[in-house]
Amino acid sequence: MSTILCYHKTMARVFIWATADALQPHDYSGDYKTAFTKRSGNTGNLLFMFALQKYLTIPENKVEISSSIEDYEYINSNFDMLIYPCANLLRAGCKDELAWRGKLFSKIKIPIYVIGMGGQTKTVDDFTGLNKFSAEASKFIESVYSSGGAFALRGEHTAELFKKLGYSDYRVTGCPSLYISGREHRISNKKVSHAEFNLTMNGDNFLFDKELARIFETYPKSVFIEQVRFYKFLCCLKKIDLRTVLKFNFRYNKTIKNLIINDRIKCFADVPVWVHYIKTGGFNFTLGSRFHGCVASILAGVPAFLNTVDSRTTELADFFNIPYSYEAPKDPYEAYLNTDYTKFNEGFAARFDNFENFFIENKIPANINNNEYFNQKVNKVPYNYTPVPNEILVNYLTNKIRCLNIKLWGFTF
């Protein structure tokens, strides 16, 4: 397989149904709700949207990215294909979304390619809840096949869900985000001493479990990278009111407050900034239960250990041979010493080629491996590299504004 990838010398008009354009820097001064929508409620989603934009942005293609898909007549008239970066859509909680997407996709007359689609159950062996959404899932799948499109699935668990629904035409490719750094990407198994060791963490359990939270005390330079909860407090430069600050104070524990005061909880809304921070921040390891939080670390060349919590993360870890366990390690340095990326490295080129073949067999013009055309565009984007905790929150938590008399809820603080 060529390392230059499938680079079809024909133009394609590509519509990517996504909420964020990677070539537009995130506006931290904007409204919180707008920002929340743009990042799909979880900054981890930005990674696979970034990946597909990278692969499809070549000189021959006309690419449009939009979160609006209701104008199907416009899409049918102006594009040759629709790319849908998908996540864990096959689950009972998405029954209504499956029905809505299936109905909408039935109106699309160009091929729809659903990439990265996954299922979600408690474990990879659990299929008991399939009957709760099987009708809606089947209609959604049929709408894609009827368009002339195809599916690239997250892992073998999702493939088994497809089989149980009666479908066998798909390719298992994992998450597209893992291929961002190219076919030759590898993770070193070289270890550092305990004195040199430092890590990032992700996932709620490392903040709210008292025993796990002690890791922050043991490693005072460690950083928690947030994907969902604290965007408003960490990155939103727009002023927040004291009612919101007080709610935060009542809701969250001492560990979280201390981490925020000391700028040890980070949240990134641009993928290049996120990866760059881990790559250059003096970190040797990532420990967490957020799959894409661990992916960002792997893309930065820093080994990650995943604490899997359900089929979503387990099937992806199995597919890529990312080290994981169902129980969160309480000693991160021991976990680091035992983390071995040999199988990940040995199988990565074959997995990359398999992903590339999805584009080749579906005649999707793309450049997956080291797309310098896209890289040069990214290098020109003025990303904001300094998201910091909201000043009002930090001031409150450090008692610098206790003397202010502000009437709130009928009380004076």
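Start by selecting strand S11, residues 304–307, together with S12. Two bridges join these strands, which run parallel. This is a predicted model. Now pick Leu306 and look across: Tyr324 in S12 stands opposite.

Move on to helix H12, residues 254–261. Colour its buried residues: Ile256, Lys257, Leu259 and Ile260. They lie on the same side of H12, because they cover an arc of only 165° around the axis.

At the N-terminal end, select Asn253, which caps H12. A side-chain oxygen of Asn253 lies 3.1 Å from the backbone nitrogen of Thr255. Just after H12, select Asp263, which takes a positive phi of about 55°.

The last stop is Ile278, in helix H13 (residues 271–280). Is Ile278 buried or exposed? Ile278 counts as buried because its relative accessibility is 1%, and buried means under 20%.

Show the neighbours of Ile278. Leaving out residues up to four places away in sequence, Ile278 touches Ile225, Phe283, Ala296, Ser297, Ala300 and Val302. Finally, draw a C-alpha to C-alpha distance from Ile278 to Gly301: it reads 8.8 Å, while the two residues are 23 residues apart in sequence.

Note on methods. Residues are numbered from 1 along each chain as its sequence is written. This is a predicted model: local features need pLDDT of at least 70, side-chain atom pairs count only at pLDDT 80 or more; totals for chains, interfaces and linings use all residues. Side-chain values use heavy atoms; hydrogens and water are left out. Helices (H or I, at least four residues) and strands (E, at least two) are DSSP runs, numbered from the N terminus. Buried means under 20% relative accessible area, exposed over 50%, partly exposed in between (1.4 Å probe, protein chains only). Contact means heavy atoms within 4.5 Å. Two strands pair if DSSP finds at least two bridges between them. The arc is that of the directions from the helix axis to the C-beta atoms. A polar contact is a pair of N or O atoms within 3.5 Å; within protein, one must be able to donate a hydrogen and the other to accept it, and residues adjacent in sequence count only if both atoms are side-chain atoms.
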